[in-house]
Amino acid sequence: MDANGYSDPYVKCLKPDMGKKGKCKTQIKKRTLNPEFNEEFSYDIKHSELAKKMLDISVWDYDIGKSNDYIGCQLGITAKGERLKHWYECLKNKDKKIERWHTLYNENHVASD
């Protein structure tokens with residue numbers, strides 16, 4: 001939360017082995033602590049190769065004039081607990097939408113934009 005009591009969150013998806021083509025961001029939701037993101041991203045990848053890949057999905061607080069704050073969770077093969085279970089469920093259920101709620105946390109994260 002910023003000094004004004006709100007946040008300006010957005011979601012960033014990154015498929016690291018695709019470079020700039022693998023980067024997608026949602027629109028910034030201004031002045032809210034309870035955003036809803038109803039946007040979809042797609043990557044052209046064979047399902048058989050998906051288990052070997054990593055998809056980094058993170059939530060950020062947009063800040064003007066300084067580094068954006070990491071306020072989210074990451075899903076992918078390196079995740080832990082419920083986030084890893086969600087990832088495996090997505091891998092097992094090809095062509096199905098698997099929706100889950102995940103608790104956001106505030107940890108230091110290296111790459112901001």
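How many Å² does the accessible surface of the protein chain come to, and what percentage belongs to carbon and sulfur atoms? The surface comes to about 8200 Å², and 50% of that belongs to carbon and sulfur atoms; accessible areas come from the Shrake-Rupley method with a 1.4 Å probe, and for residues only the protein chains shown count as cover.

This is a predicted model, in which local features need pLDDT of at least 70 and side-chain atom pairs count only at pLDDT 80 or more, while totals for chains, interfaces and linings use all residues. Residues are numbered from 1 along each chain as its sequence is written, and side-chain values use heavy atoms, with hydrogens and water left out.

**View 1. The protein chain has two helices and four strands.** Helices (H or I, at least four residues) and strands (E, at least two) are DSSP runs, numbered from the N terminus. Of the 113 residues, 28% are buried; buried means under 20% relative accessible area, exposed over 50%, and partly exposed in between (1.4 Å probe, protein chains only).

**View 2. Five residues form the largest nonpolar core.** Look for Val11, Cys13, Cys24, Val59 and Ile71. Such a core is a set of buried Ala, Val, Leu, Ile, Met, Phe, Trp, Tyr and Cys residues joined through side-chain atoms within 4.5 Å. Leaving aside residues up to four places away in sequence, Ile71 touches several others, including Pro9, Trp60 and Leu104; a contact here means heavy atoms within 4.5 Å.

**View 3. The model has zero disulfides.** A disulfide is a pair of cysteine sulfur atoms within 2.5 Å. For Cys13, the nearest cysteine sulfur is that of Cys24, 6.2 Å away. Cys13 is buried, with a relative accessible area of 6%, whereas Cys90 is partly exposed at 31%.

**View 4. Two residues other than glycine have a positive phi.** Most residues other than glycine have a negative phi. Arg31 has a phi near 50 degrees and lies in the loop between E2 and H1. With a relative accessible area of 48%, Arg31 is partly exposed. For Asp95, phi is about 65 degrees, and its place is in the segment after helix H2 (81–92). Asp95 is exposed, with a relative accessible area of 74%.

**View 5. Leu33 sits in the loop between strand E2 (23–25) and helix H1 (47–50).** At 47% relative accessibility, Leu33 counts as partly exposed.
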